[in-house]
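I opened the model to look up its pockets, its sheet and its salt bridges. My entries follow in the order I made them.

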Amino acid sequence: MQVQPYLNFEGRCEEAIEFYRQALGAKVEMMLRNKENPEAGGKVPPGNENKILHSSLRIGESVLGATDGYCSGKPAFQGITLTLPVATEAEADRLFNALANGGQVHVPLARTFFSPRFGMVADRFGVSWMVLVTQDNPKK
């Protein structure tokens with residue numbers, strides 16, 4: 001069994017997909033636009049035909065689902081944080097800085113009692129991330 005996060009970007013999904021491709025090396029496994037939905041029956045609001053109904057991204061060994069949802073323009077990612085455990089401090093630095101580009105650093109990357117490198121950041125879409133070097137593999 002797996003739990004897979006599914007994020008609603010409220011109209012900014014395609015922008016988020018491109019950001020995660022560049023920042024995290026995400027690979028698009030599937031993308032379906034509203035206009036490709038055979039069950040919509042012409043009920044897609046005007047201007048939303050090319051918005052993302054469903055997508056699936058592979059980030060490392062994880063799969064992340066994403067959509068434009070109702071395209072309100074106001075995504076709200078509250079009460080959830082995605083975690084990126086990495087093998088090296090250099091990788092933590094690279095990913096953290098990429099996610100922080102246009103976002104907001106909540107906890108700067110630093111050594112902690114549980115990790116040689118740990119930090120928290122909200123990316124430009126408001127998605128919260130924890131980046132840390134796992135203790136079982138603290139390479140530099």
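Entry 1, second largest pocket. I find 13 residues lining the second largest pocket, and N34, V44, P45, L53 and G69 lie nearest its centre. A pocket here is an open set of points on a 1 Å grid over the protein atoms alone, where a 1.4 Å probe fits, with protein on both sides within 12 Å along at least five of seven lines; lining residues have an atom within 4 Å of a point. I note its volume as about 240 Å³, where volume is the space filled by probe spheres set on the points, joined across faces, edges and corners. Its lining has seven nonpolar, five polar and one charged residues. Ala, Val, Leu, Ile, Met, Phe, Trp, Tyr, Cys and Pro count as nonpolar, Asp, Glu, Lys and Arg as charged, and the others, Gly among them, as polar.

Source note. This is a predicted model, in which local features need pLDDT of at least 70 and side-chain atom pairs count only at pLDDT 80 or more, while totals for chains, interfaces and linings use all residues. Residues are numbered from 1 along each chain as its sequence is written, and side-chain values use heavy atoms, with hydrogens and water left out.

I read about 540 Å³ for the largest pocket. Of its 20 lining residues, I59, E61, S62, T83 and L84 are the closest to the centre. β4, β5 (81–86) and α2 (89–100) each give two or more residues to this lining; β5 gives the most, with five. Helices (H or I, at least four residues) and strands (E, at least two) are DSSP runs, numbered from the N terminus. I list the lining by class as twelve nonpolar, five polar and three charged residues.

I see four strands in an open sheet, ordered β1-β4-β3-β2, with mixed pairing; two strands pair if DSSP finds at least two bridges between them. β1 (6–8) and β2 (27–33) are the edge strands. β3 (residues 52–59) pairs with β4 (residues 62–67) in the antiparallel sense over five bridges. The bridge partner of I59 is S62, in β4. Helix α1 (residues 13–24) packs on the sheet and touches β2, β3 and β4, contact being heavy atoms within 4.5 Å.

How many salt bridges does the structure hold? I count six, each a side-chain nitrogen of Lys or Arg within 4 Å of a carboxyl oxygen of Asp or Glu. One joins E14 and R33 at 2.8 Å, N to O. E14 sits in helix α1 and R33 in strand β2, 19 residues apart.

Key:
Axes are lines fitted to C-alpha atoms, for helices over the stretch in contact, and angles run from 0 to 180 degrees between N-to-C directions.
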